[in-house]
Structure formats: structure tokens, C-alpha cells
Amino acid sequence: MSDRRDDIRYELALASRMLANEGVLDAFGHVSLRHPGDPNRFLLCGRVRPNWSSPETFSSSRSMPSPCAHRPNGFFAERSSTAASIRRGLMSWRCAIIMRPRCYPFASPAFRSFPVFHLGAAGGASTPFWNQHDEFGDTNLLVAKPEEGRSLARALGPHVAVLMRHHGATVVGGDLRELVSRSTFMCQNAVYQLQAQLLGRVVPLTPGETKLAGSLNALPNVVGRTWEYWSHRLVEAGRMPPRSAVRKTKSPPRDASAAKGKATRRKRTRS
């Protein structure tokens, strides 16, 4: 089981660096995953920038953890939003991401996000909008309190993403590969939509096109290919996360070692 946990933490670090390399995350933002052995716990990253994450920076925490005293960097302030987004009746969602840079233009109530190219359908036909100010008044715009996280999760509802006023977006996925693919294509869609609006009237995908293209984008061979592609780009950039230290192999039982030694000595005596 420990080998599996090490692999999961490595994939989390890989996903974080991959998203940073593709411009989905910058110095802020994070990827989190439901704990494989306990649905009430989550693997969360300490306060390190995404392109500097490693397997050791991810630790297990409950849905609404208190500050972690044994970790100098603690957890990020918005752990409540991640936990609530994955937990609130959305048991099929295993991972979540809070992203910022490229979706900023659509984090304003004046603009509406919709798919404008086939891969952009990964984000669904429409993205709900969460206005933190409506419920909580003036804040620092972080989603740091449990009640704020629950409010954000309600806005997310059955959707795969929710835009956050003057902040960014939260995206969920069934696994890390789906999440990375969806988040990256949603950011690309935001860029293309903005560029198209500068040229004139924008025609979104029809509801039928969005449904069919969205289903295609979620196929394992599609998300697998994108994962390989973005991993290769990370390799070319020399930014792959380090593997955890190789665990020491267990030494054989003392009695077994002694018996083996005696047998060897007897063999030498006979020869």
C-alpha cells in the first residue's frame, strides 16, 4: 500500500508541475486529491508554488483541517474550498484544482464563459458563477472558511467547474488525468474566446456539439494522450518532479540469514 501512496503523491506533484508548465497555474493555485483509503481525508499540498512541488510536499488532512503544526509551511489557506468542492454530494469527483491566470477575464460578472472550440467542451456547456460578496460581503477573496467552501460547492452543484468572482475558477475531475486535461482545455478555451470576441461576434458550440465533444474529451485514450503530451513537454523543459527516496529493502529474518550462512559453511567444508 505504501508503494501505491508514493505513486499517488508523485502523480500529484507531476500534475501540479504540468499545469504550471502549461500556464494553468502560476505562483498560486493547487491540486488536491481525495485520499484513496479514506473518503473523509484529502491529499493536500503545503505552501509551495506548483512548479516546485514534490511527493513530499503532499500530506493527508481531514476536510476542514486546523493549521498543521508539524509542517513549517502548513497548508494553503483555501483547503476548505477544495475539500467542500469534492465532498458535497459529489462522490464521483476525486480531485479538484483552483486555477487563476488565463480565466481571469471571465471571473467578472460582466462576461460569460462558453465553449468555442471542440476541446473547450471539456468544461461543459456553461460555467456557473460564484459571487462571494453576495453572501459574505467584503473579504480578502480567498476561500478560507468552511462556510465559504460550502457556499462555493453549492454553486458548483453538478457542474465540472465554477468561476469565482475576481479570483479564478475551481475545477473538479474523476481522476488526475481528467482534471489536468479539463483544466488545460478550459484555459485554452478562455484565451480563444477572448481573442474571438476582439474580432467580433462569437458563436459558441451548440448544446449537442458540446455534449458529444465533451464525452469524447473524457475518453481514457484522449486524457491518456494529453497526459503523455504534457508530461513530455515537462521533460523537455527539465522540470520533472524528483522521485521519493528509494526505500531500503527489508533485510531477511535473522534466523533465515543464520541458516543460510551455516549451509554455506557446510558446503565449503565438504568441498
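Tutor: First a cut-off: buried means under 20% relative accessible area, exposed over 50%, partly exposed in between (1.4 Å probe, protein chains only). This is a predicted model, where local features need pLDDT of at least 70, side-chain atom pairs count only at pLDDT 80 or more, and totals for chains, interfaces and linings use all residues. Residues are numbered from 1 along each chain as its sequence is written, and side-chain values use heavy atoms, with hydrogens and water left out.

Student: OK. Is His-167 buried or exposed?

Tutor: His-167 is buried, because its relative accessible area is 5%. It lies in the loop between strand 6 (161-164) and strand 7 (168-173). Helices (H or I, at least four residues) and strands (E, at least two) are DSSP runs, numbered from the N terminus.

Student: What does the side chain of His-167 reach?

Tutor: The backbone oxygen of Leu-141, at 2.5 Å.

Student: New topic. At what angle do helix 5 and helix 7 pack?

Tutor: About 75 degrees, with the axes 9 Å apart. Axes are lines fitted to C-alpha atoms, for helices over the stretch in contact, and angles run from 0 to 180 degrees between N-to-C directions. The two helices are therefore roughly perpendicular to each other. The cut-offs: under 35 degrees is roughly parallel, over 145 roughly antiparallel, 65 to 115 roughly perpendicular and the rest oblique.

Student: Which residues meet there, helix 5 against helix 7?

Tutor: From helix 5, they include Leu-176, Ser-181 and Phe-185. From helix 7, Val-223, Gly-224 and Trp-230 are among them. Contact means heavy atoms within 4.5 Å.

Student: Where does Ser-181 sit, and what is it in contact with beyond its neighbours within four places in sequence?

Tutor: Ser-181 is in helix 5. Leaving those neighbours aside, Ser-181 is in contact with Val-223, Thr-226 and Trp-230. At 2% relative accessibility, Ser-181 counts as buried.

Student: Switching to rings. How many aromatic pairs does a search of the whole structure find?

Tutor: Three. Rings of Phe, Tyr and Trp (its six-membered ring) pair if their centres lie within 6.5 Å; planes under 30 degrees apart are stacked, over 60 edge-to-face and the rest tilted. Phe-117 and Tyr-192 have ring centres 4.9 Å apart and planes at 85 degrees, so the pair is edge-to-face.

Student: How accessible is Phe-117? And Tyr-192?

Tutor: Phe-117 counts as buried at 16%. Tyr-192 counts as partly exposed at 37%.

Student: Which residues do ring pairs link into a cluster?

Tutor: Phe-185, Tyr-229 and Trp-230.

Note on methods
A polar contact is a pair of N or O atoms within 3.5 Å; within protein, one must be able to donate a hydrogen and the other to accept it, and residues adjacent in sequence count only if both atoms are side-chain atoms.
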